[in-house]
Amino acid sequence: MEPRDLLALDEINLSDPAFWELPNPVRDGAFRRLRRERPLAFFEEPDLDPAIAMFIPKGNGYRAVTRHADIVEVSRNPEIYSSAKGATSIQDMPVELLEYFGSMVNTDDPRHALLRRVVSQAFSPRTIKRIEERIETLAGSIIDRVCERGECDFVLDVAARLPLEVICDLMGVSPSDYQTVFDASNVIVNSTNAAVGAGDPEYTPEGTDVLTSLLVKAEELTALVSELAEYRRATPADDVTSSLVNANVDGEALTPAEIASFFILLVVAGNDTARNTMSLGLHALTEYPEQRARWLADPRGVGPTAVEEMVRWCSPVVWMRRTVTRTTQLAGEGLEEGDKVLLYYNSANRDEDVFGDPYDFDVRRSPNPHLGFGAAGPHFCLGAPLARIEIGVMFRQLFERLPDIVSVGEPDRLRSTFINGVKHLSCAFTPTPVSG
Ligand code: HEM
């Protein structure tokens, strides 16, 4: 749908949770205006949850980087635009929290490169290709669990299951613990949102102490991973936990806290994003039946471009932050050491300087240089090869087994200024028997 220019430049406030609840065309119109008229707009920081404000002072504001070319420029110059003060929070978090919840995402090279190397092999395109068959099996059994019903909650019953089961499988988590991991990752993501006044009441009810619920869930995951790590130290296997336990970073093993924080990063980053892409992707296919027909006519041929378009369309991670390390210029403006910049990937993915008809969902779009996984640079999404396969496999199997599946009604969106998330989405299809 074409954007609507309803907001004047000075009415746009990206720190206001209400902005993120506006209809898509109004938000798209606001970002188009920012890209054209104020591509490095300044915003005050959002008010913090009182439980957090006691420990973390409100900062001096941030610049919103909204053009594709500027985000590319920032991402490929990490020595000028650092991640070490926090990539997933607007506030400068205490170092202990940053390390605990962010692991390598909140570090710069050389430490970042050392940490990333520990798991990069496990997530390389070649390794992920090897586990494609396992992903096919998991996807098949997820569809088996719903196929006779004719309807389900696509988010909870389908889209959330595959990334969760795949990442738990890769880490060696037992199926009896999947639900604990899923609930904890929801609360952790949401507490991060709640900290900036935009938490979703479904996961962090009003009156909840955000910091406490965050720490309680993190403790749960830490206990789970510590037990797993202990076991893998004694009985190594071909899983990611074994790689973490046996890692050698600068001559040293990872501490139990570092292993736990790696685990938290991988489950949080891996669960939320792919689930939201699949859910908003199904919704897009329902709204654009001619695109769905194109994909259905050639599931394998169109699959790769369709998956990229879904990631562009959904932009599940709305922004990542960097902090300026020295005086520099961006988009023709001066920036000083300590200035914060937020990279708005959703805006870059609609930049008309890069994409023809950016507001059309086109499963054959090519080239498609979207920034949904971030732009080229040291932090480019580690899980991109995995996410691409998960999404591709799931839709291929859905098209084969439930070819008339459609979303019903509007997605029940997550209240967040950081993640473009969906909590629930009804779907309907002709009931089909369980496979073989
Ligand atoms: C459609 C799904 C996904 C999207 C849209 C997505 C998006 C992103 C984005 C935007 C970044 C930050 C890039 C930057 O700061 O330059 C990122 C980083 C990361 N992603 Fe993903 N992601 C997805 C799936 C996954 C999966 C399945 C995993 C599985 C483990 C994963 C793991 C990570 C990790 C570990 C990082 C941090 C990398 C680093 O700091 O070096 N992501 N992702």
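Reader: How do the residues of the shell around the ligand divide into nonpolar, polar and charged?

Author: In this predicted model, the shell around the ligand holds 19 nonpolar residues, 9 polar and 1 charged. The shell has 29 residues, and the closest to the ligand include G270, T273, G374, C381 and G383.

Reader: Which helix gives the most to the shell around the ligand?

Author: That helix is α13, with 7 residues. Both α13 (256-287) and α17 (384-401) supply at least two residues of the shell.

Reader: Why is α13 called roughly perpendicular to α15?

Author: The axes of α13 and α15 (residues 299-314) cross at roughly 95° and come within 9 Å. Angles of 65 to 115 degrees count as roughly perpendicular, and therefore α13 is described as roughly perpendicular to α15.

Reader: Which residues of α13 and α15 meet?

Author: From α13, N276, T277, L280, G281 and A284 meet M310, V311, W313 and C314 of α15. The residues of this contact divide into 6 nonpolar and 3 polar, with no charged residue.

Reader: Which residues have the most contacts inside the largest nonpolar core?

Author: They are F263, I264, L343 and Y344, in a core of 115 residues. To this core α13 gives the most, with 15 residues.

Reader: What does L343 touch, leaving out residues up to four places away in sequence?

Author: L343 touches V65, I71, V74, W319, M320 and R322. A contact here requires C-beta atoms within 7 Å.

Conventions:
Residues are numbered from 1 along each chain as its sequence is written. This is a predicted model: local features need pLDDT of at least 70, side-chain atom pairs count only at pLDDT 80 or more; totals for chains, interfaces and linings use all residues. A residue is near a molecule or strand if its C-beta atom, placed from the backbone, lies within 6 Å of it. Helices (H or I, at least four residues) and strands (E, at least two) are DSSP runs, numbered from the N terminus. Ala, Val, Leu, Ile, Met, Phe, Trp, Tyr, Cys and Pro count as nonpolar, Asp, Glu, Lys and Arg as charged, and the others, Gly among them, as polar. A nonpolar core is a set of buried Ala, Val, Leu, Ile, Met, Phe, Trp, Tyr and Cys residues joined through C-beta atoms within 7 Å. A residue is buried if 20 or more other C-beta atoms lie within 10 Å of its own, exposed if 12 or fewer, and partly exposed in between; C-beta atoms are placed from the backbone. Two residues are in contact if their C-beta atoms, placed from the backbone, lie within 7 Å. Axes are lines fitted to C-alpha atoms, for helices over the stretch in contact, and angles run from 0 to 180 degrees between N-to-C directions. Angles under 35 degrees count as roughly parallel, over 145 as roughly antiparallel, 65 to 115 as roughly perpendicular and the rest as oblique.
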